[in-house]
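Subject: A structure for you to look at

Hello,

Here is the structure I promised to pass on. Please open it first, and then read my notes next to it.

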Number of protein chains: 2
Amino acid sequence: MKTYIKKLKCLGDENRIRILNTMIKANDKLCVCEIVDALNIPFYTISKHLKELKNADIIDESREGKFVFYQIKESEKPFDKNIIEIIKSIPESYLINDNILLQKRLNMREDGKCVIGITDKNQCSCKES
Amino acid sequence: MKTYIKKLKCLGDENRIRILNTMIKANDKLCVCEIVDALNIPFYTISKHLKELKNADIIDESREGKFVFYQIKESEKPFDKNIIEIIKSIPESYLINDNILLQKRLNMREDGKCVIGITDKNQCSCKES
DNA sequence: TGTACATTTGCACTTATAAGCAAATGAAAA
DNA sequence: TTTTCATTTGCTTATAAGTGCAAATGTACA
């Protein structure tokens with residue numbers, strides 16, 4: 001039971017929902033710096049939330065050189081699928097801004113690979129909420 | 001967005017998941033005392049969680065004389081439906097004990113109505129976890 | 001109208017969670 | 001082998017959340 005509650009707890013934070021949304025929308029693994037740029041949230045905050053999501057077994061981590069990537073963990077379990085579904089059922093209007101910035105950021109990839117780091121090292125978490 | 005996060009936050013607590021599970025399984029409104037008996041959690045704890053669930057617009061409240069009833073709020077929104085789905089997708093083995101006690105308690109209804117209060121006023125929350 | 005019973009609420013306490021900053025780690029390239 | 005850059009981690013602080021108990025509320029019935 002605890003593993004289920006742990007996953008559900010992860011859903012109770014807006015930043016984590018936004019992070020998961022980017023991964024669902026990208027339908028691909030995302031570099032930490034890409035998430036930071038898309039969401040305009042400080043990199044250390046993103047990093048900590050990614051750690052929690054990984055800890056709850058919702059996402060997978062992988063490293064490629066300097067960059068660290070995360071993606072939704074594949075699962076056939078109805079419960080895990082429903083976690084994705086519930087995020088997908090949040091009306092897009094609440095996430096449209098993130099989605100646009102994400103797309104912009106993904107367009108900067110070369111050969112489908114992340115080649116730059118964080119665009120603005122001084123971004124702050126409170127530009128938009 | 002806040003209303004969505006508020007609902008999701010509600011899912012991050014085991015006691016609230018167990019409460020919602022009883023309502024889903026009963027497929028009917030439940031008296032507070034019935035929930036208390038089914039879950040073996042102190043009545044004031046149940047009461048507080050019910051308040052939160054109601055506050056998040058997940059459940060509805062209604063009073064009939066001495067008794068107060070709660071039930072899952074009807075909704076056609078995909079998000080709200082997914083909340084129910086995600087709880088339904090927790091394997092029954094984790095909730096079987098609650099389900100059995102709930103059934104026992106529901107069998108004590110007369111003409112489909114709750115007629116008794118809390119069976120054991122001194123129940124404590126930590127008998128099973 | 002007062003007594004009993006179901007439920008809620010206020011307060012105290014403890015534990016969990018989130019964010020910010022600075023320092024640390026890890027890997028690549030100069 | 002030093003520098004650079006991406007990311008993580010430790011520490012601190014502020015705030016939220018859950019529980020327990022006692023007192024309060026609200027309703028029915030004697």
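First, some housekeeping. This is a predicted model, in which local features need pLDDT of at least 70, side-chain atom pairs count only at pLDDT 80 or more, and totals for chains, interfaces and linings use all residues. Residues are numbered from 1 along each chain as its sequence is written, while chains are lettered from A and ligands numbered from 1 in the order in which they are written.

**The chain**

Chain A has six helices and three strands; these are DSSP runs numbered from the N terminus, with helices being H or I of at least four residues and strands E of at least two. Their order along the sequence is α-α-β-α-α-β-β-α-α. The C-alpha trace of chain A spans about 40 × 30 × 25 Å along its principal axes. Its radius of gyration is 14 Å, which agrees with the value near 14 Å for a compact globule of 129 residues. That radius is taken over C-alpha atoms, and the globule rule is 2.2 Å times the number of residues to the power 0.38.

In chain A, 29% of the 129 residues count as buried. A residue is buried if 20 or more other C-beta atoms lie within 10 Å of its own, exposed if 12 or fewer, and partly exposed in between, with C-beta atoms placed from the backbone. One residue to look up is I96(A), in helix α6 (residues 96–106) of chain A. I96(A) counts as exposed because it has 10 C-beta neighbours inside 10 Å. Its C-alpha atom is separated by 24 Å from that of D80(A), 16 residues apart along the chain.

**The pair**

How is chain A laid on chain B? A turn of 180° and a shift of 0.0 Å along the axis does it, with an RMSD of 0.0 Å. That is the relation of a two-fold axis. The copies are superposed by least squares on the C-alpha atoms of residues with pLDDT of at least 70 in both.

The contact takes 18 residues from chain A and 18 residues from chain B, where two residues are in contact if their C-beta atoms, placed from the backbone, lie within 7 Å. On the side of chain A that touches chain B, the elements giving two or more residues are α1 (2–10), α2 (14–26) and α5 (78–88). The largest share, six residues, comes from α5(A). 100% of the interface residues of chain A are also interface residues in chain B, so the copies meet through the same surface.

**Helix packing in chain B**

Helix α2 (residues 14–26) of chain B packs with helix α4 (residues 43–55) of chain B at an angle of about 80°, their axes 10 Å apart. Axes are lines fitted to C-alpha atoms, for helices over the stretch in contact, and angles run from 0 to 180 degrees between N-to-C directions. This makes α2(B) roughly perpendicular to α4(B), a label for angles of 65 to 115 degrees. From α2(B), the contact is made by N15(B), R16(B) and I19(B), and from α4(B) by T45(B), I46(B), H49(B), L50(B) and L53(B).

With helix α5 (residues 78–88) of chain B, α2(B) packs at an angle of about 100°, with the axes 10 Å apart.

Enjoy exploring it!

Methods. Parallel < 35°, antiparallel > 145°, perpendicular 65-115°, else oblique.
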